[in-house]
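Subject: Structure for you to look at, with notes

Dear colleague,

I am passing on the structure below, together with some notes on what came out of it. Please read the notes with the structure open beside them.

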Amino acid sequence: MNKTIILIVFFLLGSYSASTQNKKVIDSLKLELEQTTQVDEQFNLNIKLFERIQRSDLSKAKTYLDAAISLAQRDDADSLKIVVNKHLAEYFLFEHLYDSVYHYSNKALASKHYLTSRDLIDLYSIKGTAHYYESDYSKSIMTHMEAEVIADSINDDMGRAKVYNNIAISYLRIENWEEAEKYLNRSIELCKKLDVKRGLAYNLGNLGIVYKNTNQYEKAITAYKEAVEIARQLDDKYAVARNMGNIGTLYEQLYNLDLALRYYEESYDLAKTLNDQSSLAITTHNIGSIYAKKRNFRRALQKYNASLSIAKTLNEKSIIRDNYLGLSEATEQLDRFDSSLDYRKLYEKYNDSVINENHLKDIGELNIKYESERKEKEILALSSDKIKNEAELVKQESRIRLLTIVLLTGFFLFSTVLIVARNRANNKKQKDIIYAISETQLKERKRIAQDLHDSVGGLLAIAKTSLENLDYNNETFNDDIDKSIELLSSSSDQVRKISHNLMPSELIKFGLVSAIESYIDTIKGSDLIAQFYPHNMEVELDEAVQLNVYRIFQEIVQNVLKHAKATELNIYLNNHGKHLDLMVEDNGIGFEKDVKTTDGIGLKSIESRVKLMDGTMTVDSYLGKGTTINIKIPLLK
């Protein structure tokens, strides 16, 4: 059940000091606003006041945002309107109006050239937080990771600290304690380095949740109390309320119900004062849980219903789910079995939609792959059973020979097309590109011809000889038949492998994402740990695009395995509608910036493939600090 209150509000770039100092800054900004007549300066001051006041008084903060909107409209400057859109997305996040959050954040992101890198970090963080509140934790993590990439690109420790916290809270929701702890400790380290006490308080509170759920109770209590102490120094009632609630959950787990209730009620009172609806929903549910454990089920029902009402307003699916479970258990104790069953069904419905939604999809895809592979094996087994006489063996041999001819013919035709294309090239650059591709294909043809000759050809020759020498009257006749079948089965496997190298079955059946995931699985035995982050890849791509991007990805990974001496590899694949972005980064030895000609480092054929698709490629590398390859491929509509 959802007992803990996660501290998610640490998503903005502005860092705030204690309340007294913050009040002085606000007063100073107000004075400046009264004295200036410049529109741009008035606009900036109103935005700064909105940022400063929004946590303590959102309605008052909105008046400054409205003033900024009015100034932007009067000045009719696109740059000001983009900034307004960003802050409107921020405002609607506080109001829990998520459709408006996506609308304004997307409008702002559509004009990125007007925004600073820090603005972009903010926008992705705001969108990620909205996804989190809608219980779409997968999207939340992916969106925050986009913010992380930007923070890394400008070496922004403050941005990284906040993004790490935001990623961690989504991992908390899906109960991945190991990943959550990893990201929280990263954020805590940066907060200490930067002396950001507010961020430190939030992270400590969330770290307490990890400790509590991994049965490290003493560490959990220490983390919560440190967080409360820092929050009180900052006069941050919001963080105090949430951490008091978390301490309550710990005492509830230790079955000290009276102490747990005391902390819950104190948290509830603070949340009510702050109109913190999310905290109110969780704390009210938790109070209901205490009454249920005290066997005061009627009082528990009141609290669960009150919490359910708030959670529905916020569309907080995880809290809705937990309240339905509480209502089911309480009504059962009151012998209201029909109601209990109805509530239980609603609980199961929401339980499926909260955490398991994406996991069930992944499991379904894995099952499809498993079933496909199983059926392929069954087909091969049936074929082996049928090949019980010489005539069927000869047929099988003919099929394999035919497949060999088709493969070689296909490569011959493809090579011919490349030669024609090279002859029609207008300039040296195009000739170089086609030459590089031809060279790559020639090597591939040689490799496949060698594979066919050494493996398939040899096995078929042996099988043919074995069949010709069969003696029907010999006692070993059945053994000889079995050996021949085994040789032909091996031939079939070899052809299947060669076919897979030409066109991976995962790419044909399940698409680019699945093919990349499958390829990554094949390198798991190496010292390289690879992570893949696809985004917006639900729309099916053109087959030619998929194949070329897959080949580019393969060559990059092979380069890393051969040359980079890397231990970590991150692959990002994003569909932006009009273009596809592939980014591959490793932590290997890298190379000097001057070595950008791509000669001698295995990148020439990759660059050629990219240019053939009218794409662009940038390589960013430093000695000892790894390499990042960014590829953008336009998508034809």
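In what follows, a contact means heavy atoms within 4.5 Å. This is a predicted model, so local features need pLDDT of at least 70 and side-chain atom pairs count only at pLDDT 80 or more, while totals for chains, interfaces and linings use all residues. Residues are numbered from 1 along each chain as its sequence is written, and side-chain values use heavy atoms, with hydrogens and water left out.

Overall picture

The protein chain holds 25 helices and 5 strands, where helices (H or I, at least four residues) and strands (E, at least two) are DSSP runs numbered from the N terminus. Of its 637 residues, 50% count as buried, a term that stands for under 20% relative accessible area, with exposed meaning over 50% and partly exposed lying in between (1.4 Å probe, protein chains only). Among the contacts in the protein chain with a separation of 6 or more, 64% come from residues 24 or more positions apart.

Helix α4 covers residues 78-94, and its 17 residues should span 24 Å at 1.5 Å a residue, which agrees with the 25 Å between its end C-alpha atoms; the expected span is 1.5 Å times one less than the number of residues. Because 12 of the 17 residues of α4 are buried, the helix is largely enclosed by the rest of the structure. The buried residues of α4 include Leu 80, Ile 82, Val 84, Tyr 91 and Phe 92, and also Asn 85, Lys 86, His 87 and Glu 90. The elements that the buried residues of α4 pack against are α2 (39-53), α3 (58-75), α5 (98-109) and α6 (117-133). Just after α4, His 96 has a positive phi of about 60 degrees.

Ser 135, which follows α6, has a positive phi near 65 degrees.

Two helix pairs

Helix α12 (residues 237-253) packs with helix α13 (residues 257-274) at an angle of about 160 degrees, their axes being 8 Å apart; axes are lines fitted to C-alpha atoms, for helices over the stretch in contact, and angles run from 0 to 180 degrees between N-to-C directions. That angle makes α12 roughly antiparallel to α13, given that under 35 degrees counts as roughly parallel, over 145 as roughly antiparallel, 65 to 115 as roughly perpendicular and the rest as oblique. The crossing of these two helices, α12 and α13, is left-handed, that is, the near helix is turned anticlockwise from the far one by less than a right angle (clockwise would be right-handed). Among the residues that meet here are Tyr 238, Met 244 and Tyr 251 in α12, and Leu 257, Tyr 263 and Leu 270 in α13.

The axes of α15 (residues 297-314) and α16 come within 9 Å and cross at roughly 160 degrees, and α15 and α16 are therefore roughly antiparallel to each other. The crossing of α15 past α16 is left-handed. Residues that meet include Phe 297, Leu 301 and Leu 308 in α15, and Ile 319, Tyr 324 and Leu 327 in α16.

Single residues

Asp 322 lies in α16, residues 317-333, and counts as buried because its relative accessibility is 2%. Its side chain makes a polar contact with that of Arg 321 at 3.0 Å, a polar contact being a pair of N or O atoms within 3.5 Å of which, within protein, one must be able to donate a hydrogen and the other to accept it, with residues adjacent in sequence counting only if both atoms are side-chain atoms. The C-alpha atoms of Asp 322 and Leu 308 are separated by 8.8 Å, the two residues being 14 apart along the chain.

Ser 187, in helix α9 (residues 177-194), counts as buried because its relative accessibility is 0%. Leaving aside neighbours within four places in sequence, Ser 187 is in contact with Ala 161, Tyr 164, Asn 165 and Asn 203.

Most residues other than glycine have a negative phi. Asp 335, in the loop between α16 and α17 (337-354), has a positive phi near 65 degrees and counts as exposed because its relative accessibility is 56%. Lys 565, in the loop between α24 (543-564) and β2 (568-575), has a positive phi of about 55 degrees and counts as exposed at 69% relative accessibility.

With best wishes
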